[in-house]
There are 2 protein chains.
Amino acid sequence: MSAPKTAITPTRADDFPEWYQQVIKAADMAENSETRGCMVIKPWGYGIWELIQQGLDRRFKETGHQNAYFPLLIPLSYLEKEAEHAEGFATECAVVTHHRLEAVKDEETGKTKMIPTGELAEPYVIRPTSETIIGAAFSRWVQSYRDLPLLINQWANVMRWEMRPRMFLRTAEFLWQEGHTAHETAEEAIEETRKMHKVYADFLRDHLAIPVIPGEKTENERFPGADMTLTVEAMVQDKKAIQAGTSHYLGTNFSKAQDISFTGREGSVEHAHTTSWGVSTRLIGTLIMAHSDDDGLVLPPRVATQQIVIIPITPKEDTRDAVLASCHALATTLRKDCKFHGEPLRVLVDERDVKGKKWEWVKKGAPLRIEIGPRDVESRKLCLQRRDKPSNDKEFVDKEDFLRNVTDILQEIHDNLLNAATAFRDENIVECSDLESFHKHWKQDNPGWLLTPWCGSSAEEDALSKEHKITVRCLPLDKQDEPEQACLVTGKPTKLRALWGRSY
Amino acid sequence: MSAPKTAITPTRADDFPEWYQQVIKAADMAENSETRGCMVIKPWGYGIWELIQQGLDRRFKETGHQNAYFPLLIPLSYLEKEAEHAEGFATECAVVTHHRLEAVKDEETGKTKMIPTGELAEPYVIRPTSETIIGAAFSRWVQSYRDLPLLINQWANVMRWEMRPRMFLRTAEFLWQEGHTAHETAEEAIEETRKMHKVYADFLRDHLAIPVIPGEKTENERFPGADMTLTVEAMVQDKKAIQAGTSHYLGTNFSKAQDISFTGREGSVEHAHTTSWGVSTRLIGTLIMAHSDDDGLVLPPRVATQQIVIIPITPKEDTRDAVLASCHALATTLRKDCKFHGEPLRVLVDERDVKGKKWEWVKKGAPLRIEIGPRDVESRKLCLQRRDKPSNDKEFVDKEDFLRNVTDILQEIHDNLLNAATAFRDENIVECSDLESFHKHWKQDNPGWLLTPWCGSSAEEDALSKEHKITVRCLPLDKQDEPEQACLVTGKPTKLRALWGRSY
Ligand SMILES: [Zn+2]
Ligand SMILES: [Zn+2]
């Protein structure tokens with residue numbers, strides 16, 4: 001059997017969706033479970049989520065938010081109230097109808113069967129989002145303008161019965177955070193919506209090395225019931241778009257439905273202006289598709305469970321102890337003396353007595369691999385391998401130099417990933433101002449995105465979207481006051497630009 | 001209306017269970033929800049859980065464990081397999097039987113009803129514990145002795161249909177961590193069981209200021225299917241016991257049921273030795289009952305969301321800015337220059353323009369309150385109030401002295417809480433070696449615990465337990481090799497001591 005040229009089969013070019021599944025498998029990040037549409041997130045994948053949580057949670061707290069926890073199960077009556085206000089309400093939910101199991105022994109087979117009993121008078125659904133149950137709490141908590149702003153976030157699992165699950169990108173159960181806030185005025189709520197939108201854009205750039213296009217959704221693409229939906233849109237390597245996070249200004253639409261009202265400064269009763277905003281484990285899918293290559297996962301250092309993996313090379317028994325000692329001494333120094341963005345370095349010494357360790361860590365996307373062998377111990381050198389370089393590249397460096405430069409190297413890896421993703425994205429966004437080239441564009445394989453002058457109506461947007469299986473990803477924030485151009489469909493002069501693409 | 005003598009009504013002496021509810025309410029920690037038996041954990045309560053998580057998670061990682069995440073929903077078939085092996089299997093579970101809701105409009109009332117549709121061929125239960133689903137994963141992951149030890153932890157929500165819920169202590173949904181590990185040998189698994197037991201005991205002492213009695217459960221009280229159950233038992237202020245955490249050695253009982261087998265060093269197929277261990281939001285209930293007083297919650301500094309609350313005293317408008325500036329300057333210095341157990345101090349300046357702020361923070365249990373008024377700004381003094389002292393005690397201290405001593409003061413508060421709880425516990429554990437005094441003891445109101453010589457059988461233990469509504473809380477680890485005494489029931493000489501008490 002001849003070795004394949006790449007560690008992952010198929011390659012991105014051969015079959016992108018299958019490549020994605022194989023990267024997850026080779027990196028040991030997650031696997032399917034026997035619970036329909038649900039995955040087991042394995043330690044290497046969950047570690048990324050923990051680092052995403054830490055990074056975001058710090059930013060949420062710095063902007064004045066507090067975490068709380070609300071019940072998993074939502075009374076049907078809450079959803080009934082909601083359904084009267086919101087069209088397109090999510091109905092693919094897991095429904096709890098019983099609260100007991102009875103073990104019954106089958107006389108013939110001798111097997112035990114579990115039978116649901118204890119039927120509930122009112123069923124519950126497992127939260128597809130906590131909008132309604134948090135709204136009910138806000139209604140109790142907000143009485144006076146003095147109780148505002150109310151700035152709450154929840155980290156939780158949620159569930160939607162997905163028909164076509166795909167690991168991390170779309171699973172029946174997923175992990176997320178949902179921010180919910182209530183404010184005295186529209187201005188304050190809109191400022192909050194924009195602030196959290198910026199938190200997401202900054203976080204994706206600075207932690208995940210993903211350059212996003214921040215923008216506003218059109219009315220067609222808005223969250224049901226929102227007055228304004230802001231989104232951060234990421235382009236991944238098959239040129240599709242992923243909506244990586246959203247921030248909604250809900251006006252008083254939800255506060256009226258949920259009776260979140262307060263006595264204002266002048267004594268009159270007013271409805272609060274609310275927002276909500278969230279990101280999920282979908283970020284991990286976005287991360288994989290944005291940076292990984294045909295040798296497997298590529299992790300930006302700030303979300304790598306282990307940033308540096310030290311592999312002892314121990315060909316002979318008599319030098320083994322010295323090599324191991326040298327590896328551990330280096331790991332200890334790195335952990336103790338170096339910080340990256342204020343955090344101690346995460347360093348692993350992989351002492352396992354197995355073959356193929358180097359390729360294992362390539363496939364897991366560890367940013368830096370270090371090999372130390374018997375000769376390196378004496379010369380105080382080490383063999384440095386970077387995940388942002390070709391997998392067989394290596395460099396022999398002086399240990400002291402490495403210790404001086406290690407955080408710069410990690411930052412360089414981050415910057416290289418960000419720059420590569422930015423260049424790829426920019427190459428694949430084309431300006432387009434006539435309808436003929438627009439139609440032609442989408443007939444290509446893996447088309448990139450188009451930026452067009454736009455003042456069309458929802459109906460016109462809908463028609464184009466259906467015809468080409470595309471959507472307006474957003475009206476980019478920095479393209480809302482451009483030189484006037486003729487709108488793609490109406491021909492009327494417009495200063496607005498719309499960004500179109502295919503998406504996950 | 002005359003002011004009550006205590007901030008909480010009723011007092012502990014008057015009505016302990018009601019006092020407990022009122023402390024939670026006054027501290028704004030949690031409230032009941034419309035989901036049966038489930039609570040909303042509000043920011044001040046959830047902040048405590050976040051600090052518990054951080055403290056424990058660091059200890060889990062330092063002992064080599066990794067976090068992962070498993071599905072919320074468990075196929076009934078997993079429980080059926082389990083029920084054949086474990087007696088007394090938990091059956092009060094939330095059962096998911098449908099995966100869709102249909103909105104139906106009632107013609108007469110105009111109201112929308114939600115009807116469950118999409119019946120599942122195989123129902124699921126919401127995890128009451130993840131034992132079975134993690135076992136199924138371990139069965140896939142463990143093939144060779146090289147895959148061992150497998151050291152996994154999960155932070156998750158779980159659900160048990162509780163008939164008599166009590167906030168934090170017993171709720172239908174609760175938050176917990178569950179460690180699950182698999183090992184090559186019994187010795188290693190037992191060592192793991194003991195190690196995590198010690199982690200719990202250390203954590204409760206060092207973070208929650210709760211002195212526990214670490215010990216082993218009798219066969220009667222063991223986790224079903226366990227070969228050994230270790231527990232940490234806390235005494236709270238009504239002298240009842242709370243089982244604050246458990247660590248189980250499961251032998252090969254679960255690995256046989258779940259087929260967690262591996263090829264051993266000699267090539268034969270063996271079953272792994274497994275453990276599990278967990279603590280939950282019940283720790284918060286324990287914490288409240290252990291330390292709080294008739295003025296409300298008392299928080300040990302390491303789990304206080306805010307360790308220091310600074311209250312500006314601004315009687316006149318013209319000195320207001322100077323006072324606020326002084327408060328913020330102090331907060332910044334405290335956050336920047338002082339560390340408590342390696343963490344920056346958590347300091348809040350409470351600028352709100354409301355009355356009764358001092359008592360609010362007393363009731364919320366903030367360890368240190370600081371008041372700064374116009375005169376203090378000039379004299380560089382501050383008014384210091386400690387939650388471990390009577391609520392009206394205050395001390396005027398020099399600001400520089402305070403900054404020098406603040407971490408010592410916080411540690412002193414922790415130590416005072418721990419010492420008081422230890423003294424209370426020790427006063428309320430009595431040695432007892434004859435059956436007559438034993439019977440008499442339990443007829444008192446709020447009886448403390450009894451330590452007795454014991455070599456009785458399960459049947460004898462059962463009879464005594466039922467008669468007095470007590471249990472053997474544990475066989476304390478440090479009382480298993482005592483001078484020989486006659487057993488309470490059999491009269492046979494024994495070196496073992498049993499600790500009896502009433503419990504939550
Ligand atoms: Zn137009
Ligand atoms: Zn005996």
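Q: In this predicted model, is B:Arg386 buried or exposed?
A: Anything under 20% relative accessible area gets called buried. B:Arg386 comes out at 9%. That is below the cut-off, so B:Arg386 is buried.

Q: Which side chain does B:Arg386 meet in a salt bridge?
A: To qualify, a Lys or Arg side-chain nitrogen has to be within 4 Å of a carboxyl oxygen of Asp or Glu. For B:Arg386 the N to O distance is 2.9 Å. The partner at the other end is B:Asp388.

Q: How many residues apart in sequence are the parts tied together by B:Arg380 and B:Glu400?
A: These two form a salt bridge, with their closest N and O atoms 2.6 Å apart. B:Arg380 sits in the loop between α10 (374–379) and β20 (381–386) of chain B, while B:Glu400 belongs to helix α11 (residues 399–427), so the pair ties together a loop and a helix. Both ends count as partly exposed, B:Arg380 at 41% relative accessibility and B:Glu400 at 36%. The sequence separation of the parts is 20 residues.

Q: Which residue of chain A forms a salt bridge with B:Arg140?
A: The count between chain B and chain A is six salt bridges. In the one from B:Arg140, the closest N and O atoms are 2.6 Å apart. The residue on the chain A side is A:Glu31.

Q: What area is buried between chain B and chain A?
A: The contact takes 68 residues from chain B and 68 residues from chain A. B:Tyr69, B:Leu101 and B:Met114 supply 12% of the area that chain B buries against chain A, more than any other three residues. Carbon and sulfur atoms give 60% of the total, and that total is about 5,800 Å².

Q: Is the B:Phe16 and B:Trp19 ring pair stacked, edge-to-face or tilted?
A: The structure holds 32 aromatic pairs over all chains. In this one, the ring centres are 4.9 Å apart and the planes make an angle of 35°. Stacked needs planes under 30 degrees apart and edge-to-face needs over 60, so the pair is tilted.

Q: Where do B:Phe16 and B:Trp19 both lie?
A: They are three residues apart, about one turn of the helix that holds them. Both are buried, B:Phe16 at 8% relative accessibility and B:Trp19 at 0%. The element is helix α1 (residues 16–26) of chain B.

Q: Which residue of β27(A) is the bridge partner of A:Cys474?
A: Strand β27 (residues 497–501) of chain A has five of its five residues buried. Four bridges join strand β23 (residues 449–453) to β27(A) in an antiparallel arrangement, with A:Thr452 opposite A:Ala498. Strand β24 (residues 471–476) also runs antiparallel to β27(A), joined by three bridges. In β27(A), the partner of A:Cys474 is A:Leu499.

Q: What is phi of A:Asp259?
A: Most residues other than glycine have a negative phi. A:Asp259 has a positive one, in the loop between α6 (253–257) and β12 (261–263) of chain A. The residue is partly exposed, with a relative accessible area of 43%. Its phi is near 55°.

Q: What is omega for the peptide bond that joins A:Leu148 and A:Pro149?
A: Most peptide bonds are trans. The bond from A:Leu148 to A:Pro149 is cis, and A:Pro149 is found in the loop between α4 (131–141) and β7 (150–159) of chain A. Its omega is about -5°.

How values were computed:
Residues numbered from 1 in each chain as written. Chains lettered and ligands numbered in written order. Predicted model: local features only at pLDDT ≥ 70, side-chain atom pairs only at ≥ 80, totals over all residues. Heavy atoms only, no water. Phe/Tyr/Trp six-rings, centres within 6.5 Å; stacked < 30°, edge-to-face > 60°. Helix = DSSP H or I, 4+ residues; strand = E, 2+ residues; numbered from the N terminus. Buried < 20%, exposed > 50% of the residue type's maximum accessible area, 1.4 Å probe, protein only. Pairing = 2+ DSSP bridges. Contact = heavy atoms within 4.5 Å. Buried area = accessible area lost by both parts, 1.4 Å probe.
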